[in-house]
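The following explanation leads through a helical packing, a cavity and several individual residues in turn. Please keep the sequence and the model at hand while reading.

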Amino acid sequence: MFENIESFLSNNNELAWIAIFMFAFMESFILSGIIVSSAILFSVCIFVFNMELLPLYTIVMVAMLGAHLGDVSGFFFGKTVGPSLLATKFISKREKTIKRAQKFLDKTGQYTVILGRFVPAIRPIVPFLLGISDLKAVRFYIADVIACTCWGIALALLVTGVGSLIAVSYTHLRAHET
């Protein structure tokens, strides 16, 4: 699959920022984040960085914006759809677990946003669950801006670190092919 994305971006350089934004949003939003892996976003960012399609600061800012909008969308999706989901038979069978999770989220609230941003397995779920909880939108928004900023710095470090290793390996392999 990534080869298709690579090929597309190689032929459509001007769309690199849209690909980064789209994958950052999708891996952060509850409905698509369960399917779209953060590894895809990370790979796209490294590819764009190594191909010098965008400067690092643009890659990071676009990824942060996509992630933040995905989180905020998940939060408000939880605010609007969450209460009706809690009333479903599937969820009511797991009421004890849900109440424990809600109690934990009520206690930790905005700090969970920061923790959740760095754990790919729960990243899209946390904003949704916080939307269902009593956390105020302003508190979520501020915590998410902080979380996305910290995550963006980590992304920049990973892209430059891993990206340079991949670039060196790729260059080394190319030298041996000729």
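**Helix packing, cavity and selected residues**

Helix H2 (residues 16-28) and helix H5 (residues 56-86) pack at an angle of about 35 degrees, their axes lying 7 Å apart. Axes here are lines fitted to C-alpha atoms, for helices over the stretch in contact, and angles run from 0 to 180 degrees between N-to-C directions. The helices themselves are DSSP runs (H or I, at least four residues; strands are E, at least two), numbered from the N terminus. The crossing of H2 and H5 is right-handed; a crossing is right-handed if the near helix is turned clockwise from the far one by less than a right angle, and left-handed if anticlockwise. On the H2 side, the contact is made by Trp 17, Ile 20, Phe 21, Ala 24, Phe 25 and Ser 28, where contact means heavy atoms within 4.5 Å.

The model is predicted: local features need pLDDT of at least 70 and side-chain atom pairs count only at pLDDT 80 or more, whereas totals for chains, interfaces and linings use all residues. Residues are numbered from 1 along each chain as its sequence is written, and side-chain values use heavy atoms, with hydrogens and water left out.

The chain as a whole has nine helices and zero strands, and its pattern along the sequence reads α-α-α-α-α-α-α-α-α. Its C-alpha trace spans about 65 × 30 × 25 Å along the principal axes. Of the 178 residues in the chain, 38% are buried (buried means under 20% relative accessible area, exposed over 50%, partly exposed in between, with a 1.4 Å probe and protein chains only). Among contacts between residues at least 6 apart in sequence, 79% join residues at least 24 apart.

H1 contributes Phe 2, Ile 5, Glu 6, Leu 9 and Ser 10, while H4 contributes Ile 40, Ser 43, Val 44, Phe 47 and Val 48. Seven of the residues in the contact of H1 with H4 are nonpolar, two are polar and one is charged. Phe 2 lies in helix H1 and is partly exposed, with a relative accessible area of 23%. Apart from its neighbours within four places in sequence, Phe 2 is in contact with Ser 43, Val 44 and Phe 47. Phe 2 and Ser 38, 36 residues apart in sequence, lie 13 Å apart in space, C-alpha to C-alpha.

A cavity is a set of points on a 1 Å grid over the protein atoms alone where a 1.4 Å probe fits but cannot get out, and its lining residues have an atom within 4 Å of a point. Grid points are joined across faces, edges and corners, and a volume is the space filled by probe spheres set on the points. The largest cavity contains about 40 Å³ of space. Its lining is formed by Asp 71, Val 113, Gly 116, Arg 117, Arg 123, Val 126, Pro 127 and Asp 144. Helix H7 (95-117) and helix H8 (125-132) are the elements that give two or more residues to this lining, and H7 gives the most, with three residues. The lining residues divide into three nonpolar, one polar and four charged.

Glu 52, in the loop between helix H4 (38-50) and H5, has a positive phi of about 55 degrees although it is not a glycine. Glu 52 is exposed, with a relative accessible area of 70%. Ala 87, in the loop between H5 and helix H6 (89-92), counts as exposed at 64% relative accessibility. By contrast, Ser 133, in the loop between H8 and helix H9 (137-177), counts as buried at 6%. Leaving aside neighbours within four places in sequence, Ser 133 is in contact with Lys 79 and Asp 106.

Terms used
On a 1 Å grid over the protein atoms alone, a cavity is a set of points where a 1.4 Å probe fits but cannot get out, and a pocket is an open set with protein on both sides within 12 Å along at least five of seven lines; lining residues have an atom within 4 Å of a point. Ala, Val, Leu, Ile, Met, Phe, Trp, Tyr, Cys and Pro count as nonpolar, Asp, Glu, Lys and Arg as charged, and the others, Gly among them, as polar.
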